[in-house]
Amino acid sequence: MKEVRLSKCRSRLFGLLALLMIIGPCFAKVLCNENERTVFSFDTKSRKSLSICRHKNNDYLVYRYGTTGKIEMQYPGVLDITSWDAFTFSSMRRAGGKANAGFGDYDLSFSIKKFNYFVFQTWSDEDGAYAIGVVVRNDKNKSGTRIDGLRETQKGSLVLLEEDSSYIENTAM
């Protein structure tokens, strides 16, 4: 009788673990704090997360990269109203679907010493292309790295920054 219960318990545990392995990647690990709202967040293939967060009262905007256990990078260092000026926002889009070649091209960028960071979100209705991620460029030697985000883990959108024109200017307009 004990062997039957143990066997049922093991099979239930195995089933639960299998389910978690299937649905686990569907939940982005957002790096925003309780007093912040998520603007844009996604996971990468390397199991790191990137989050753009803003204070609930719009007191600041912040970029974070890493894991929930270890933030590897936060920008800017000082989180106050001046943080909005540390970023450049650019957005362009055309509505109209495939027939009118609708598209969206959004990026939020900032620079730290010789490195430029470009968080991007792009799509095209014409060919169905969609991409999110971050590009890091070294101005000194002109090299760069692109880290693609996993679309199924995306939370929010850079489009939300269009609502914040009193805090951050859209340089594409």
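Predicted model: local features only at pLDDT ≥ 70, side-chain atom pairs only at ≥ 80, totals over all residues.
1. A polar contact here is a pair of N or O atoms within 3.5 Å, where one must be able to donate a hydrogen and the other to accept it. The side chain of Glu-36 reaches the backbone nitrogen of Asn-33 at 2.7 Å. A further polar contact, at 2.6 Å, links the side chains of Glu-36 and Tyr-60.

2. Staying with Glu-36 for a moment, is this residue buried or exposed? Its relative accessibility is 7%, so Glu-36 counts as buried, the limit being under 20%. Glu-36 belongs to strand β1. Setting aside residues up to four places away in sequence, Glu-36 touches Cys-53, Arg-54, His-55, Lys-56, Tyr-60, Val-62 and Arg-64. For Arg-54, the C-alpha to C-alpha distance from Glu-36 is 5.4 Å, although 18 residues separate the two in sequence.

3. Now for the sheet that contains β1. Five strands form an open sheet in the order β4-β3-β2-β1-β10, and the pairing is antiparallel. The edges are taken by β4 and β10 (155-156); each has a single partner strand, so one side of each is left without a neighbour in the sheet. Two bridges join β1 to β10, and Phe-40 stands opposite Gly-156 in β10.

4. Ser-83 is placed in the loop between β4 and β5 (88-94), yet the residue is buried, with a relative accessible area of 1%. The side chain of Ser-83 reaches the backbone nitrogen of Leu-61 at 2.9 Å, and a polar atom of that side chain lies 2.8 Å from the backbone oxygen of Asp-80. Apart from neighbours within four places in sequence, Ser-83 is in contact with Tyr-60, Leu-61, Pro-76 and Val-78.

5. On to the nonpolar interior. In soluble globular proteins, nonpolar side chains tend to be buried together. In this model, the largest nonpolar core has 24 residues, and those with the most contacts inside it are Ile-52, Leu-61, Tyr-63 and Leu-108. Two or more residues of this core come from each of β1 (36-43), β2 (49-55), β3 (61-66), β4 (71-75), β6 (103-112), β7 (115-124) and β8 (130-138). Leu-61, one of the residues with the most contacts in the core, is also the one whose backbone nitrogen is reached by Ser-83.

6. The aromatic side chains may interest you as well. How many aromatic pairs does a search of the whole structure find? The search finds eleven. One of them joins Tyr-106 and Trp-123, which are stacked, with 5.5 Å from centre to centre and 20° between the planes. Tyr-106 lies in strand β6 and Trp-123 in strand β7, so the pair ties together parts that are 17 residues apart in sequence. Tyr-106 is buried at 0% relative accessibility, whereas Trp-123 is partly exposed, with a relative accessible area of 23%. Elsewhere, Tyr-63, Tyr-75, Phe-87, Phe-110 and Tyr-117 form one aromatic cluster; Tyr-63 is also among the residues with the most contacts in the largest core.

7. Finally, two arginines to check against rings. The charged end of Arg-137 sits over the ring of Phe-118, at 4.9 Å from the ring centre. For Arg-151, the charged end sits over the ring of Tyr-130, 3.8 Å from its centre.

Terms used. Residues numbered from 1 in each chain as written. Heavy atoms only, no water. Core = buried A, V, L, I, M, F, W, Y, C linked by side-chain atoms within 4.5 Å. Buried < 20%, exposed > 50% of the residue type's maximum accessible area, 1.4 Å probe, protein only. Helix = DSSP H or I, 4+ residues; strand = E, 2+ residues; numbered from the N terminus. Phe/Tyr/Trp six-rings, centres within 6.5 Å; stacked < 30°, edge-to-face > 60°. Lys NZ or Arg CZ within 6 Å of the ring centre and 35° of its normal. Contact = heavy atoms within 4.5 Å. Pairing = 2+ DSSP bridges.
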